Amino acid sequence: MNPLQKIVEKTGWPRLIIGFFLLSLFIIAPFAGVKISTSLNDTLVRFGMNGILVLAMVPMIHSGCGLNFGLPLGIIAGLLGGTLSMQLGASGPMSFFIAILLATPFAVLFGWGYGALLNRVKGGEMMIATYVGFSSVAFMCIMWLLLPYNNPTMIWGYGGAGLRTTISVEGYYLHALSDFLAIRIGGFVFPTGMILFVLLLNFLVWVFMRTRTGTAMTAVGSNPVFAKASGVNIDRTRTISVILSTWLGAIGILVYQQSFGFIQLYMGPFYMAFPAVAAILIGGASVNKASILNVLIGAFLFQGILTMTPSVMNSLIQTDMSEVIRIIVSNGMIIYALTRVKKGAK
């Protein structure tokens, strides 16, 4: 086998094709009137915004719980942390870290309950996780109206109760990470703080997976019988992985919000699990195997295609169909990625 064949076999044709397609979009962009600096900037920003949400898939995949379609549960913990931070009047970059602290107990509690449920439905985790994700979003649609928030920047003006659908984080943790050590060259802005934070969390998860608990998690996912014979408490290990995944989901949405500029409640978290699942599958993961490299490659390819395709197509056909194209491309990649699930299964 020659070196080229080895690279193709190691990388996989799907990633190579998607990678070449993304590269071709970057090459075509200047001829279509799209600035490379703006496109690269948008791709990096979207990569940073979604990187931790994709990372949230790793612990559950390692422990054999499958892809985390229940990610909205972690996102809701993050939303609670963000809104409580604003309710307490925290401002500036510190409000971002206060939001993480406040989201943590909710993420642990939700993750523990979610893990206990998944332990009772071994073999059908992904279907149950999807129901958990959807039902938790529906339940919180009621709670956002009933919870006793009274910060005027968050509640509905009419009636003075219930949280708005979209809440601006300006004056709180807007660009708390993105502006930290940001590098500006003309129209290009490198969000240094956000990228470093994403890479730091990826590194910490990589280290955690090499600890005793992380190794036990991998053993439970790879061979539960062997893990049990070795004295590993399978249910406890799976629960820890779900808690960790839920916590990463909570942090992921806070990173997303500080860059996006808004907190989106009610139906906002409804479909956020699918792009994260698609990204890690495009990155080369399967339902029982995932690495940090899969997270980084998948998040960059998915968000790169999602950013570049509408921009280039819009300029080529000279009409504004960016949202339609984005939905088609996003859903197309999700469908493609989900067809990879069967191949990666045991």
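**Basis of the entries.** I record that this is a predicted model, in which local features need pLDDT of at least 70, side-chain atom pairs count only at pLDDT 80 or more, and totals for chains, interfaces and linings use all residues. Residues are numbered from 1 along each chain as its sequence is written, and side-chain values use heavy atoms, with hydrogens and water left out.

**Entry: the whole chain.** I found 15 helices and 4 strands in the protein chain. Helices (H or I, at least four residues) and strands (E, at least two) are DSSP runs, numbered from the N terminus. Along the principal axes, the C-alpha atoms fill a box of roughly 60 × 60 × 35 Å. The radius of gyration is 20 Å, which agrees with the value near 20 Å for a compact globule of 346 residues. This radius is taken over C-alpha atoms, and the globule rule is 2.2 Å times the number of residues to the power 0.38. I also noted that 51% of the 346 residues are buried.

**Entry: helix 12.** Helix 12 spans residues 273-282 and is mostly covered, with 9 of its 10 residues buried. Just after this helix, I found G284 with a positive phi of about 115°.

**Entry: helix 2 and helix 13.** Two packed helices are described by the angle between their axes and the distance between the axes. From helix 2, the residues R15, I18, G19, F21, L22, L25, F26 and I28 meet F300, L301, G304, I305, M308, T309 and V312 of helix 13. Contact means heavy atoms within 4.5 Å. I sorted the residues of this contact into 11 nonpolar, 3 polar and 1 charged. Ala, Val, Leu, Ile, Met, Phe, Trp, Tyr, Cys and Pro count as nonpolar, Asp, Glu, Lys and Arg as charged, and the others, Gly among them, as polar.

**Entry: salt bridges.** How many salt bridges does a search of the whole structure find? I noted 3. A salt bridge is a side-chain nitrogen of Lys or Arg within 4 Å of a carboxyl oxygen of Asp or Glu.

K122 pairs with D235, and their closest N and O atoms are 2.6 Å apart. K122 lies in the loop between helix 6 (93-120) and helix 7 (125-146) and D235 in helix 11 (residues 234-260), so this pair ties together parts that are 113 residues apart in sequence. K122 is partly exposed at 45%, and D235 is partly exposed at 34%.

R238 and E125 form a salt bridge at 2.8 Å, N to O. R238 is in helix 11 and E125 in helix 7, so this pair also ties together parts 113 residues apart in sequence. R238 is buried at 5%, and E125 is buried at 8%.

R184 and D179 meet at 3.7 Å, N to O. R184 is exposed at 55%, whereas D179 is partly exposed at 43%.

**Entry: T239.** I located T239 in helix 11 and found this residue buried at 11%. Not counting residues up to four places away in sequence, T239 touches W112, G115 and N119.

Terms used: Buried < 20%, exposed > 50% of the residue type's maximum accessible area, 1.4 Å probe, protein only.
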